[in-house]
Amino acid sequence: MTFYDTNIYYIIMILLFSNQKGGVGKSTLAALYANHLANGDENAGVMPRQVQFIEADMQRSLSSQREEDIASWGEDNIKYNLDFCYIKDYDTSVKLMQQLREFNEQNPEVTIIIDAPGNITQDYLAPLFIYSDYIVCPYSYQNIVLDSTSGFIRVIEYIKSTRSEMTAQFIFIPNRVVKGVGINQEIENFQKIEEIFKSKGYLAPRIYNRVDLARFNTVFNTPRQERECEKCFAFIDNIVLQENNI
Ligand SMILES: Nc1ncnc2c1ncn2[C@@H]1O[C@H](COP(=O)(O)OP(=O)(O)OP(=O)(O)O)[C@@H](O)[C@H]1O
Ligand SMILES: [Mg+2]
């Protein structure tokens, strides 16, 4: 669905950060990307964009971070809403996505970012995938993570095969990459896996394992954090903004 506003048009945009594997960086990267969009980049001529963040993860780690951030930085410096939503069954899951779609129809300039719950194998979470535009999937180069991520892809592809209205595309992010680690055999395997991921969706540039990225807030990124995520986020911006013809 498109909305016209003089010569700019927007398409409904919901980015769901998800992977069934825990601890891959979903919440961290979702928050860093939201900060990145909401603040823009004056030097690079990138305009700030409106963001609505939904934390759908029971751990509420981002909601608690936001409370701390309001105390530290003050309400006035908060650039986007961050709301918590407890998804307990199919009804709450469908309702959340319907509300977000309606919200986005009325506010097409707002990018919606969802930090998905970890227990994605629950059937009642299917609407999150069905009604999102992109499934942003961080993973790391460890066999256990790669196996789990492959399983996740299969689940999503299965849902997609049963629901014609589902158009979501994958954006994979290699996260917590450690330079120069891995024997040749492993590196070859990882390259094969990258090829598979590329055939399933977009493969974003890597994000390295950095202490700077582990310590983030929900207001702004430090110049170092922006630099560490620069290529990856520019890649995602390109996909999202290009589709929106902005
Ligand atoms: N690029 C990175 N460099 C260093 N640390 C990172 C990076 N990405 C994530 N982390 C750290 O990895 C841990 C897991 O990250 P995070 O909580 O974002 O993952 P998650 O996928 O949301 O986990 P969960 O499944 O528990 O919700 C955290 O301690 C976080 O600080
Ligand atoms: Mg999380």
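A backbone N or O atom of Y208 lies 3.0 Å from a nitrogen atom of ligand 1. That is a polar contact: a pair of N or O atoms within 3.5 Å. Within protein, one atom must be able to donate a hydrogen and the other to accept it, and residues adjacent in sequence count only if both atoms are side-chain atoms. A polar backbone atom of G25 is 3.0 Å from an oxygen atom of ligand 1. The side chain of N209 has an N or O atom 3.4 Å from a nitrogen atom of the ligand. The protein covers 78% of the 630 Å² of accessible area that ligand 1 has on its own. Accessible areas come from the Shrake-Rupley method with a 1.4 Å probe, and for residues only the protein chains shown count as cover.

This is a predicted model: local features need pLDDT of at least 70, side-chain atom pairs count only at pLDDT 80 or more, and totals for chains, interfaces and linings use all residues. Residues are numbered from 1 along each chain as its sequence is written, chains are lettered from A and ligands numbered from 1 in the order in which they are written, and side-chain values use heavy atoms, with hydrogens and water left out.

## The shell around the ligand

Around ligand 1 there are 17 residues, and K26, S27, T28, R176 and R210 come nearest. Near means that a heavy atom of the residue lies within 4 Å. The shell divides into 5 nonpolar, 8 polar and 4 charged residues. Helix α1 gives the most, with 3 residues. Helices (H or I, at least four residues) and strands (E, at least two) are DSSP runs, numbered from the N terminus.

## Two positive phi angles

R176 sits in the loop between β8 (169-174) and α6. Its phi is positive, about 55 degrees, although R176 is not a glycine. Most residues other than glycine have a negative phi. R176 is partly exposed, at 48% relative accessibility. Here buried means under 20% relative accessible area, exposed over 50%, and partly exposed in between (1.4 Å probe, protein chains only).

R60 also has a positive phi, near 55 degrees. R60 is in the loop between β4 (50-55) and α2 (61-73). R60 is partly exposed, with a relative accessible area of 41%.

## An aromatic cluster

F129, Y139, Y141, F152, F170, F172, F190 and F197 form one aromatic cluster. Rings of Phe, Tyr and Trp (its six-membered ring) pair if their centres lie within 6.5 Å; planes under 30 degrees apart count as stacked, over 60 as edge-to-face and the rest as tilted. The count comes to 11 aromatic pairs. F170 and F172 have ring centres 4.9 Å apart and planes at 20 degrees, so they are stacked. F170 is buried at 5% relative accessible area, and F172 is buried at 0%.

E194 lies in helix α6 and is buried, at 15% relative accessibility. Leaving aside neighbours within four places in sequence, E194 is in contact (heavy atoms within 4.5 Å) with Y139, Y141, L203 and R206. I196 lies in α6 too, residues 184-200, but is partly exposed at 46%.

N217 is in the loop between α7 (211-214) and α8 (223-244). N217 is buried, at 11% relative accessibility. A polar atom of its side chain lies 2.7 Å from the backbone nitrogen of V219. Not counting residues up to four places away in sequence, N217 touches N35, Q65, D69 and W73.

Definitions and conventions:
Nonpolar A, V, L, I, M, F, W, Y, C, P; charged D, E, K, R; others polar.
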